[in-house]
Amino acid sequence: MLNYLMKRMAGMIPLLLGITIISFGIMHLAPGEPVVTGQEFNPKVSSQDIERLRAYYGLDKPLYEQYWNWLNRLVVLDFGQSFSADGRSVLDKISERIPVTLWINVLAMMVIIAIAIPIGIASAVRRDSWFDKGMTIFVFIGFAIPSFWLGLLLMISLGANLQWLPISGLHDYNWQQMGFWQQQMDLLEHLVLPVFISAIGGLAGMSRFMRTGMLDVIRSDYITTARAMGVPEGVIRYRLALKNALLPIITLLGLSIPGLIGGSVIVEQLFSLPGMGLLFFEAVMSRDYPLVMGITVIGAVLTLLGNLIADLSYAWADPRIRHGAGS
């Protein structure tokens, strides 16, 4: 297992390099430059001013030289300075936005896991029952409803009309004057709608994967043998079948790790949340190359690590994989 782990980690290096090359090239092929965007109709900005800015940011150099300079800085974990007016460090901007995105997506993932797995198991055990049919309808509705439409609907009904929940930001205007527990309740109220909107689509999908995986496992020969030997149904479901049925869920959880940091542009834009998704959107629209590449690299690393964690988790869930790796 250790040799396998070392090989996989070594294989991540050329993959990460390839991702950065493709991302860097596509980003520079997109129309517009950071020194030109927003200045096209400004009569006070001459072509000489634009050329000076291009030279200042190094955009006048060949593309391969720009990439090589960026890669040399990346080796020492220097993501550079943002092209925005504040000129702040890319790492500072990212570290400022990560906590908000982590809070929302970790809470959404906890809600998904806590609800989707029991629903999937119950639907598989009660196949073709009214409960299973009802959950199937719920899944298709969850897949079909656009998140931005549902978010707007809940904002109007629960926020604007009934005024049960806040619909914007993370805190009330008088948050600093509140006591500690009042601050926590205020934060929780502001997170209810974003977490729900973030979780609804994943909840529908993961419950369906769990149902399919559980159905495949409980039809297996070893489950039939266990029933014939008189093993209690609860032991069969939750000790013998559950681990193997979790394999598709492990894959989904591994691939969802980048989303914990990357955030959701729709949710963060809708509820005015200063997270990573909104930061990435703003960076792309303003052609902030260092910030876009910094977020891309972090997302790529997390994607590769998520795949590795999923593969290692397979060995925990399925002993056959452990024995195969050992042989």
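Buried means under 20% relative accessible area, exposed over 50%, and partly exposed in between, using a 1.4 Å probe and protein chains only. The model is predicted: local features need pLDDT of at least 70, side-chain atom pairs count only at pLDDT 80 or more, and totals for chains, interfaces and linings use all residues. Residues are numbered from 1 along each chain as its sequence is written, and side-chain values use heavy atoms, with hydrogens and water left out.

**View A. Tyr67 and Trp70 pair within helix α3.** Tyr67 is buried, at 13% relative accessible area. Trp70 is buried too, at 3%. Both lie in α3 (residues 63-75), three residues apart, about one turn of the helix. Helices are DSSP runs of H or I, at least four residues, and strands are runs of E, at least two, numbered from the N terminus. A pair of aromatic rings is described by the distance of the centres and the angle of the planes. Here the centres are 5.9 Å apart and the planes make 35°, a tilted pair. Rings of Phe, Tyr and Trp (its six-membered ring) pair if their centres lie within 6.5 Å; planes under 30 degrees apart are stacked, over 60 edge-to-face, the rest tilted. Ring pairs join Phe24 to Tyr67 and Trp70 in a cluster. The structure holds five aromatic pairs.

**View B. Helix α4 bends at Ile98.** The bend is about 35°, and Pro99 follows within four residues. A bend is the angle between axes fitted to the seven residues ending at a residue and the seven starting there. The 36 residues of α4 (residues 90-125) should span 52 Å, and the end C-alpha atoms are 50 Å apart, which agrees. Expected span is 1.5 Å times one less than the number of residues. At the start of α4, a side-chain oxygen of Ser89 comes to within 3.3 Å of the backbone nitrogen of Leu91.

**View C. Two charges sit over rings.** Arg126 lies over the face of Phe131, 5.5 Å from the ring centre. Lys133 lies over the face of Trp130, at 5.3 Å. The criterion is NZ of Lys or CZ of Arg within 6 Å of the ring centre and within 35 degrees of the ring normal.

View D. Leu158 is partly exposed, at 22% relative accessible area. The C-alpha atoms of Leu158 and Leu193 are 9.2 Å apart, across 35 residues of chain.

How values were computed:
Polar contact = N/O pair within 3.5 Å; in protein donor to acceptor, adjacent residues only side chain to side chain.
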